[in-house]
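Let's take a walk through a protein model together. Have the sequence and the 3D view ready, and follow along as we go.

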Amino acid sequence: MKYCVKCVFSSISATPLTFDEEGVCSGCRASNLKDKIDWVDREKKFQELIDEYRDDDNYDCLLPVSGGKDSYFAAHIAKENNLKALMVTYHGNNYTPEGERNLYRMKDEFNFDHIIFRPSTEILIKLNRAGFTKTGDMNWHCHAGIFTYPMQIAIKYRIPLVFWGDHGFTEQGGMYSHNDFFEYTAKDRYEHALHGFDWFDFVNEEDLTKKDMDFLVYPSDEEVMEVGLRGIFLSNYFKYDGDHHASIAEENYNWETYSGDFDRTFRKSSNLDDMHENGIHDYLKFIKFGYGRGTDHSNYDIRNGKMTREEGIEMVLKYDHVKPSDLKRWLEYVDMLEEDFDRIADTFRDERVWTIENNCWIKKNINGEKQNYGEVKGFPQWYKTDKS
């Protein structure tokens, strides 16, 4: 396992990375490119694009929104360009109080129509449990809902243009160049946002049926082509900067940051739509790949010149390994014992990151030191295979 010499990403991550001959990761290279782009020209290209979709009789665009800083930025762009937008939200039932208030004030702040879809609590609990046991991600349903339900509504209301904020795999890992103008596709949804799973993989898990998960069924190719459905990423037209988006939201639209402290990150402006996103969901990423929000958020600041790599390493060592306090709430929510959570979580550990010594999990950290991260509760398949 190697680390980027510019940021704090490792070669083993949930975001596909490559390293060049200088030891710099593709995410840093993509970030450097952003400083060379003529963003004034990009905004002109955006103007030309939206002019093609202005509609006298229907909505001009659809905005998938969570109420977060990037949602506010997307709505801000739509408002500044005099677009009639329909906002659509998939509500996963885990909002922070600040996130909930941010979500519900969007309708009046932007004067846009707003559809908020809230699946039944029983189905969400089942999806939480099934997502965790099957994929190692209790928030799998959130990714699926966010990237599916708005597209269903776009088809239903025949709105061809959908605004997405940033393509995370490009912003974080440099999967594509910003010169590629990559757009949202069903393939990208399935392979990356949904980790290669879809609703049909969960039929009969926790007694779930297709009817239970209809809101996670992506529109057919025929429906997409008939409407001319197109998802664009605003980060191809406006330089993505989450801190800048948060400032716009706070200064113009009464947006709130988190009032408390997160256990696993220093940022207070990210992921307010889900109290577990910065917590247990991110802790599972550490269990699997050995890193978390301390790494992710440090990378953003390092690349934006707001933090040195040395300071980033301090954040990684401080936050990435912390077992969060919100785990208690989630265990009560889904009726699971912590010992069962630990046992199942252990089965998803990556053999390229973790070793077992004296029945404890050992990982080599970014500072080069090996550290003990606790007793083994469950065994991954690779360990069983090796011992068979």
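Start where helix α3 touches helix α11: Lys69, Asp70, Tyr72, Phe73, His76 and Lys79 from α3 meet Gly242, His245, Ala246, Ile248, Ala249 and Tyr253 from α11. Contact here means heavy atoms within 4.5 Å, and helices (H or I, at least four residues) are DSSP runs, as are strands (E, at least two), numbered from the N terminus. Sorted by class, this contact has six nonpolar, three polar and three charged residues. Ala, Val, Leu, Ile, Met, Phe, Trp, Tyr, Cys and Pro count as nonpolar, Asp, Glu, Lys and Arg as charged, and the others, Gly among them, as polar.

Before going on, keep in mind that this is a predicted model: local features need pLDDT of at least 70, side-chain atom pairs count only at pLDDT 80 or more, and totals for chains, interfaces and linings use all residues. Residues are numbered from 1 along each chain as its sequence is written, and side-chain values use heavy atoms, with hydrogens and water left out.

How do α3 and α11 pack? α3 (residues 69–80) and α11 (residues 242–253) pack at an angle of about 65 degrees, with their axes 8 Å apart. Axes are lines fitted to C-alpha atoms, for helices over the stretch in contact, and angles run from 0 to 180 degrees between N-to-C directions. The two helices are therefore roughly perpendicular to each other, a label for angles of 65 to 115 degrees.

**Spaces inside**

Now look for gaps. The structure holds three cavities of 30 Å³ or more. On a 1 Å grid over the protein atoms alone, a cavity is a set of points where a 1.4 Å probe fits but cannot get out, a pocket is an open set with protein on both sides within 12 Å along at least five of seven lines, and lining residues have an atom within 4 Å of a point. The largest cavity has about 120 Å³ of space. It is lined by 17 residues, and Tyr3, Gly290, Val316, Asp320 and Lys363 are the closest to its centre. That lining divides into ten nonpolar, five polar and two charged residues.

Of its 13 lining residues, Tyr283, Ile287, Lys323, Arg349 and Tyr373 lie nearest its centre. Helices α12 (280–289) and α16 (338–346) and strand β8 (370–375) each supply at least two residues of this lining.

Conventions: Angles under 35 degrees count as roughly parallel, over 145 as roughly antiparallel, 65 to 115 as roughly perpendicular and the rest as oblique. Grid points are joined across faces, edges and corners, and a volume is the space filled by probe spheres set on the points.
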